[in-house]
Amino acid sequence: MTETPGTTEVRPSRRLPSWLTAPWLMLLLPVLLAALDAALVARDAAWWELALSGLATVVLLLRKRYPVLVLLLTLPGSFFNFIWIAPITAVYSVAAHYARLRVTALCATAFALVEFFHWPLSDHPLAFDRDNALYAIQCVMLAAGPAALGLLARTRHELAVRLDELTKGQQRESRLLAERVLATERARLAREMHDVVSHQVSLISIQAGALQVSTGEPAAKETARTIRELSVRTLEELRQMVGVLRAAGMRQDAPLAPQPRLADLCKLIEGSGLTVTTALNPGDRPWPEAVERAAYRTVQEALTNITKHAPGAAVEVRLCTRGTRLLVEVRNGPPPLRPGPADTLPGGGHGLVGLRERAQLLGGSLTAATTPEGGFVVRAELPAAGE
């Protein structure tokens, strides 16, 4: 049969042309074959026999919605005109769309009886002879064949649905397992950050506080105060990050902490300890929080890199708009003295990579390159619609 109760995915290499499996073709092809069968069989029949054959053909259009009713309407045409294709298609539809096997068995039995005792009844005397036995077997096979095909098609469809559900369940289980592993890893990172980094920064803060109290030099006291403030701020951000890592059920869009904005740039630049020339003109438009945070982090990372690799160099921080985009530029000249190997702070180069990824997620870009004068420049272009 050409009708199936549902569609399942097949491999691309075995996929039939789309027009061969089009729903309209699957609906009309049995109807056309039944019409041809009725035209050939009932060619010289009376008008009412032609009407019964035509009815059996037309009602096949409703076989998916009312399969049992369609079968009952095809039986008169089969009884009087000896047509096959219409009732066979109806039996297949009943088996393919009804989950109860009893309904399928009753419909197939009805078709077999109508096919055996067809009009005129005088042609089939109830005699236990060879001809009647062979004809009974033929009628049973004629009804059992489409019923078996329909049951096979329905079972195949149900298996495909259950396989799809099983695949989705396995994917869901794999996703939950990945989330569980991620949560475990996040908890491990939180412990490492708290046990190692927090301890070291706390020692720095304590030592800076002791130096601030014990020293009598104003410059040293101010430096110790700055170190202590930076250490305390770092500890606060570290604790907030550890809390986020431990919160496995936290929403993805929840803020990590009170995030820095463009208004905090002046304080950041003043606390950097560098000689900075600023030109901050972010415009009057309200920038999204993610854009302001990305701009702040760009300036922060650039100043940190200058402190590590070019201490004492002249620095210029520019912030301006170009249409609907926010431009951030941090430029430094060559340092007066190159730091020696013992004075160079460790760095893995991940800061600029993270800034570039942050800008790309917002739909912007970030570039970093050396200047002809021997300095370095970091430029970020962030869109106003960044998310």
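Q: How many residues does the protein have, and what percentage of them count as buried?
A: There are 387 residues in the protein, and 33% of them count as buried. Buried means under 20% relative accessible area, exposed means over 50%, and partly exposed is in between (1.4 Å probe, protein chains only). One caution before we go on: this is a predicted model, where local features need pLDDT of at least 70, side-chain atom pairs count only at pLDDT 80 or more, and totals for chains, interfaces and linings use all residues. Residues are numbered from 1 along each chain as its sequence is written, and side-chain values use heavy atoms, with hydrogens and water left out.

Q: Good to know! What is the secondary structure made of?
A: The protein has 10 helices and five strands. Helices (H or I, at least four residues) and strands (E, at least two) are DSSP runs, numbered from the N terminus.

Q: Which residues form the nonpolar patch on the surface?
A: The patch is formed by Trp24, Leu28, Leu32, Leu55, Val58, Leu61, Leu62, Tyr66, Leu69 and Leu73, with about 940 Å² of accessible area together. Patches are made of residues with over 30% relative accessible area and no salt bridge; like charges are joined within 9 Å, and nonpolar side chains (Val, Leu, Ile, Met, Phe, Trp, Tyr) within 5 Å.

Q: Which helix gives the largest share of that patch?
A: That's α1, with three residues. At least two residues of the patch come from each of α1 (23–41), α2 (47–58) and α3 (67–81). Leu28 is a member of the patch that lies in α1, and it is partly exposed because its relative accessible area is 36%.

Q: And Thr57, is that one buried or exposed?
A: Thr57 counts as buried, because its relative accessibility is 8%. Its place is in helix α2. Not counting residues up to four places away in sequence, Thr57 touches Val31, Ala34, Ala35 and Ala38. Contact here means heavy atoms within 4.5 Å.

Q: What about contacts across the protein, what share links residues 24 or more positions apart?
A: Such pairs account for 70% of the contacts with a separation of 6 or more.

Q: Switching topic: how many salt bridges are there?
A: The count comes to 10, where a salt bridge is a side-chain nitrogen of Lys or Arg within 4 Å of a carboxyl oxygen of Asp or Glu. In general, side chains of opposite charge can pair when their charged atoms come close.

Q: Which residue does Glu222 pair with?
A: Glu222 forms a salt bridge with Arg225, and the closest N and O atoms are 2.2 Å apart. Both residues lie in helix α7 (residues 218–246), three residues apart, about one turn of the helix. Glu222 is partly exposed at 39% relative accessibility, and Arg225 is partly exposed too, at 29%.

Q: Where do the salt-bridge partners Arg261 and Glu292 lie?
A: Their side chains meet in a salt bridge of 2.9 Å, N to O. Arg261 is in the loop between α7 and α8 (265–270) and Glu292 is in helix α9, so the pair ties together parts that are 31 residues apart in sequence. Arg261 counts as partly exposed at 31%, while Glu292 is buried at 11%.

Q: Which residues are linked in a network of salt bridges?
A: Arg318, Glu329, Arg331 and Arg379. Within that group, Glu329 and Arg331 form a salt bridge with their closest N and O atoms 3.5 Å apart. Glu329 is buried, with a relative accessible area of 11%, and Arg331 is partly exposed at 26%.

Key:
Areas by Shrake-Rupley, 256 points an atom, 1.4 Å probe, with all protein chains shown as cover.
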